[in-house]
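This briefing walks through one protein model, topic by topic. Please keep the sequence and the 3D view open while reading.

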Amino acid sequence: DVFYIVEIFCLAFTVFITARLFKDVRLTSLFCILSLFFPVSSLLFCASALSFGKKTKRKLRANGKTNENFSSSFTATEYYPTGEEFFKSLMLGLENAKELILLEYYIVKPGKVWESIKNVLEKKSRSGVKIIIILDNFGSAKMPQNLQKWLKSHNIECFLYNRLLPLPDLGFTFRTHRKIAVIDDEVYLGGINLADEYINEGQSFAYFKDAAVKLKGETAARFAEYFSAEFKAVTVQSTKNKCDVLFNTPLTNNAITERIIAEIYKAKQVLIATPYLAPTEGELSAIKYAAKNGAEVKIFLPAVPDKKTAFSVSLANAEILLRYGLKIYLFTPGFLHSKLFLTENVAAAGSANYDYRSAFFQREVFVFTDEKTLSDKIKNDFSMIEKSSSVFSPDAGNKSKTSVFFMKIKRAFFFFISPLF
């Protein structure tokens with residue numbers, strides 16, 4: 001009897017907390033079912049989520065903010081359709097840094113990319129450049145354990161986001177997935193991490209396609225303020241080129257997802273590039289609405305996956321979406337890691353995938369603008385991606401009825417567990 005009482009309590013608590021925190025029917029339903037089999041784990045997760053959310057809100061209030069989002073202007077922009085082009089520009093920017101280098105990255109791995117950056121950081125710290133680095137403790141777990149000690153010895157501030165603990169802590173699921181580099185009056189952001197596979201060196205699979213943007217001017221100054229209040233005094237002349245920089249922060253801010261949903265509802269053409277497809281209830285509804293009302297909707301996914309289970313989840317969601325008349329393409333040269341969004345009204349790029357993790361469990365950043373130069377470059381990149389892609393079709397072909405039946409069961413299962421990815 002006691003066991004059943006505890007299980008009912010865990011279920012009720014899970015329903016209340018997940019519905020309140022995430023406001024997503026599929027995610028709440030999945031957690032409720034999981035709580036029936038793992039009541040204590042579900043209870044611990046909800047408790048960790050509440051605690052994590054309160055800590056994040058306290059930090060924002062301490063800096064006098066309710067969220068991190070901001071609108072600003074920029075004087076110049078560059079778009080990098082490949083990791084190789086991005087890395088060349090980033091290294092040049094680091095070499096020319098005079099006052100400030102601020103980095104926040106999900107993945108940093110030992111290799112050519114990090115060694116090159118490390119050597120420049122060492123040189124710049126000696127010349128008096130202020131350097132701050134934020135790394136995700138999970139994504140960058142392959143870095144040497146003495147990294148922080150080495151950085152500190154060179155007067156480089158380093159912070160590990162949501163440090164992994166040896167004790168059971170389900171709050172580890174909340175990560176920083178952002179990729180940001182601020183160098184003086186320039187800021188780089190996109191989907192590219194600091195690891196060799198992003199410049200197509202040492203990867204275990206086919207061609208790795210990614211993208212990033214660089215903005216110069218007021219936007220970089222605002223990003224510096226985002227890193228630390230000590231940079232608040234930085235002022236830059238405003239220009240006519242405007243952008244909105246939006247953030248997703250676990251349990252406190254969902255601005256990127258909300259903006260994408262709003263843009264889809266009013267668009268006649270929607271182009272999305274994402275490595276993982278597991279749209280939230282809100283995103284799913286927006287895509288269905290756009291497709292049903294005659295909008296041209298195209299979603300681009302990798303043909304070569306980096307994670308087989310995540311790829312199965314993407315294809316399951318793709319098959320569901322095809323019913324509403326949109327087109328889905330698979331990037332055949334390899335793994336498409338770009339995170340891009342384009343309509344006739346706005347162009348956007350950043351770190352967020354089109355999935356539940358980016359919407360609810362990870363820190364993300366995206367820039368939205370209607371500036372023509374950047375919009376045209378992103379549009380050209382979409383054209384290149386489409387030329388290198390094949391149309392996705394789940395057509396069973398000559399498969400037996402039994403094979404088709406089990407395939408449908410498999411797809412339904414992966415669609416159901418989508419909120420975990």
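**A covered helix**

In helix α7, the residues Glu218, Thr219, Ala220, Ala221, Phe223, Ala224, Glu225, Tyr226 and Phe227 are buried, where buried means under 20% relative accessible area, exposed means over 50%, and partly exposed lies in between (1.4 Å probe, protein chains only). Helix α7 spans residues 218-227 and is mostly covered, with nine of its ten residues buried. Helices (H or I, at least four residues) and strands (E, at least two) are DSSP runs, numbered from the N terminus.

This is a predicted model, in which local features need pLDDT of at least 70 and side-chain atom pairs count only at pLDDT 80 or more, while totals for chains, interfaces and linings use all residues. Residues are numbered from 1 along each chain as its sequence is written, and side-chain values use heavy atoms, with hydrogens and water left out.

**The chain as a whole**

- The protein chain contains 13 helices and 20 strands.
- Of the 421 residues in the protein chain, 54% are buried.
- Among contacts in the protein chain with a separation of 6 or more, 81% are between residues 24 or more positions apart; contact means heavy atoms within 4.5 Å.

**The seven-stranded sheet**

- Seven strands form an open sheet in the order β2-β10-β8-β7-β3-β4-β5, with mixed pairing. Two strands pair if DSSP finds at least two bridges between them.
- The edge strands, each pairing on one side only, are β2 (76-80) and β5 (157-161).
- From one strand to the next, the twist averages 10 degrees. Axes are lines fitted to C-alpha atoms, for helices over the stretch in contact, and angles run from 0 to 180 degrees between N-to-C directions.
- Helix α12 (residues 372-387) packs on this sheet and touches β2 and β10; the direction of α12 makes about 5 degrees with that of β2.
- Strands of a sheet pair through backbone hydrogen bonds, either parallel or antiparallel.
- Strands β8 (residues 186-190) and β10 (residues 212-216) pair in the antiparallel sense over five bridges. Opposite Val187 stands Leu215 in β10.

- Thr77 belongs to strand β2 and is buried, with a relative accessible area of 13%.
- Apart from neighbours within four places in sequence, Thr77 is in contact with Lys214, Leu215, Glu371, Leu374 and Lys377.
- A polar atom of the Thr77 side chain lies 3.2 Å from the backbone oxygen of Lys214.

- Strand β17 (residues 340-343) pairs with β18 in the antiparallel sense over three bridges, and a hairpin of three residues joins β17 to β18. Phe341 has Ala348 in β18 as its bridge partner.
- On the other pairing, β18 and strand β19 (residues 362-369) run antiparallel and are joined by four bridges. Ala349 has Val367 in β19 as its bridge partner.
- Which residues cover the two sides of β18 (residues 347-350)? Ala347 and Ala349 lie on one side and Ala348 and Gly350 on the other; all are buried, and both faces of the strand are covered.

**Ala359 in helix α11**

- Ala359 lies in helix α11 (residues 356-361) and is buried, with a relative accessible area of 5%.
- The C-alpha atoms of Ala359 and Asn253 are separated by 9.2 Å, although the two residues are 106 residues apart along the chain.
- Leaving aside neighbours within four places in sequence, Ala359 is in contact with Asn248, Asn254, Thr257 and Thr280.

**Cysteines**

- The structure holds zero disulfides, a disulfide being a pair of cysteine sulfur atoms within 2.5 Å.
- Cys158 is buried, with a relative accessible area of 13%, and Cys243 is buried too, at 3%.

**Asparagines with positive phi**

- Asn155 is not a glycine, yet its phi is positive, near 60 degrees. Asn155 sits in the loop between α6 (147-153) and β5 and is exposed, with a relative accessible area of 64%.
- Asn200 also has a positive phi, about 60 degrees, although it is not a glycine. Asn200 is found in the loop between β8 and β9 (207-209).

Definitions and conventions
Polar contact = N/O pair within 3.5 Å; in protein donor to acceptor, adjacent residues only side chain to side chain.
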